[in-house]
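Here are some exercises to work through with the model open in your viewer. Try each task yourself before reading its solution.

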Amino acid sequence: MSSSSSASAVPPEDDVCSVCHDRFRIPCQANCSHWFCGECIIRVWHHGPAVQACKCPICRRLINLLVPAPLSDQEDHPQVSRILGEIQHYNCIFGGAPRSLTQRLQDLPFFIRRLFRELLDPQRTLPLVFRARMMMMVALSAIYVLSPIDILPESMLGLFGFVDDLLILLIVFLHLAAVYRSLLLYRHGGQ
């Protein structure tokens, strides 16, 4: 699987599913940014304990969210509906599970990339409340980072004074990722 696949809403044309080694059928992106056929990743899940989320066959990270690529012409097909239903069921079971800080930090690039890609895509619209919340968070964190009033002032502490600014930005990005993750779960998990 190529790393460029994580930068788009659909897998690259020249890439194949790492489970079946064939072209993607009902492409699905895991929270680790790897792409699989929806049926293949569900089969991987069914191969192990059904009460436990499966691990990515490539990087071995726990998969707690599956995001299917947009399908336009196939959604009425019964097999596609069944696979999308199983993906939705998987997300319902494992999408709301508690995640460690390490897992959140590992998932951060995936969610932030998808969020900004969706913001720039004129065909996709984020809910107005989500956009307003995001803009407010970004504006307030920018004001804090740019203002001369700091918890750890840069003028007195030098480079160490930037720690609070970086911490604020990290918290904002983690919160943005968490809110966007809940939006994806709502879309693809039926909750």
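## Exercise 1: The nonpolar patch

Helix H6 (residues 163-189) contributes 3 residues to the nonpolar patch, the most of any element. Keep in mind that this is a predicted model.

**Task.** Which residues form the nonpolar patch on the surface, and about how much accessible area do they have together?

**Solution.** 
- Step 1: The members are Phe116, Leu159, Phe162, Leu166, Leu169 and Phe173.
- Step 2: Together they have about 580 Å² of accessible area.
- Step 3: Now take Phe116, which lies in helix H3 (residues 101-120). A patch member needs over 30% relative accessible area. Phe116 has a relative accessible area of 35%, so it counts as partly exposed.

## Exercise 2: The chain as a whole

**Task.** How many helices and strands does the secondary structure of the chain come to? Which pattern does the chain follow along the sequence?

**Solution.** 
- Step 1: The chain has 6 helices and 3 strands.
- Step 2: In sequence order the pattern is β-β-α-β-α-α-α-α-α.
- Step 3: For the overall dimensions, the C-alpha atoms fill a box of roughly 65 × 35 × 35 Å along the principal axes.
- Step 4: Of the 191 residues, 40% count as buried. The accessible surface is about 10,900 Å², and carbon and sulfur atoms account for 65% of it.
- Step 5: Among contacts with a separation of 6 or more, 62% come from residues 24 or more positions apart.

## Exercise 3: The sheet

**Task.** In what order do the 3 strands of the open sheet stand, and is the pairing parallel or antiparallel?

**Solution.** 
- Step 1: The order is S2-S1-S3, with antiparallel pairing.
- Step 2: Strands S2 (35-37) and S3 (66-68) are at the edges; each has a single partner strand, so one side of each lacks a neighbour in the sheet.
- Step 3: On average, neighbouring strands are turned by 35 degrees against each other, direction ignored.
- Step 4: Look at one pairing in detail. Strand S1 (residues 27-30) pairs with S2 over 3 bridges, and Gln29 stands opposite Trp35 in S2.
- Step 5: H1 (residues 38-47) lies across S1, S2 and S3, and runs at about 90 degrees to S2.

## Exercise 4: Salt bridges

**Task.** How many salt bridges does a search of the whole structure find? Which parts of the chain does the Glu39 and Arg82 pair tie together?

**Solution.** 
- Step 1: The search finds 7 salt bridges.
- Step 2: The side chains of Glu39 and Arg82 meet at 3.7 Å, N to O. Glu39 is in helix H1 and Arg82 in helix H2 (residues 78-94), so the pair ties together parts 43 residues apart in sequence.
- Step 3: Check accessibility. Glu39 is partly exposed at 24%, and Arg82 is partly exposed at 40%.
- Step 4: Turn to Asp107 and Arg99, whose closest N and O atoms are 3.8 Å apart in a salt bridge. Both Asp107 and Arg99 are buried.
- Step 5: Glu118 and Arg187 form a salt bridge at 2.5 Å, N to O. This pair links helix H3 with helix H6, 69 residues apart. Glu118 is buried, with a relative accessible area of 6%, whereas Arg187 is partly exposed at 27%.
- Step 6: Finish with the network: salt bridges that share partners join Glu39, Arg82 and Glu86.

How values were computed:
Residues are numbered from 1 along each chain as its sequence is written. This is a predicted model: local features need pLDDT of at least 70, side-chain atom pairs count only at pLDDT 80 or more; totals for chains, interfaces and linings use all residues. Side-chain values use heavy atoms; hydrogens and water are left out. Patches are made of residues with over 30% relative accessible area and no salt bridge: like charges are joined within 9 Å, nonpolar side chains (Val, Leu, Ile, Met, Phe, Trp, Tyr) within 5 Å. Accessible areas come from the Shrake-Rupley method with a 1.4 Å probe; for residues, only the protein chains shown count as cover. A salt bridge is a side-chain nitrogen of Lys or Arg within 4 Å of a carboxyl oxygen of Asp or Glu. Helices (H or I, at least four residues) and strands (E, at least two) are DSSP runs, numbered from the N terminus. Buried means under 20% relative accessible area, exposed over 50%, partly exposed in between (1.4 Å probe, protein chains only). Two strands pair if DSSP finds at least two bridges between them. Axes are lines fitted to C-alpha atoms, for helices over the stretch in contact, and angles run from 0 to 180 degrees between N-to-C directions. Contact means heavy atoms within 4.5 Å.
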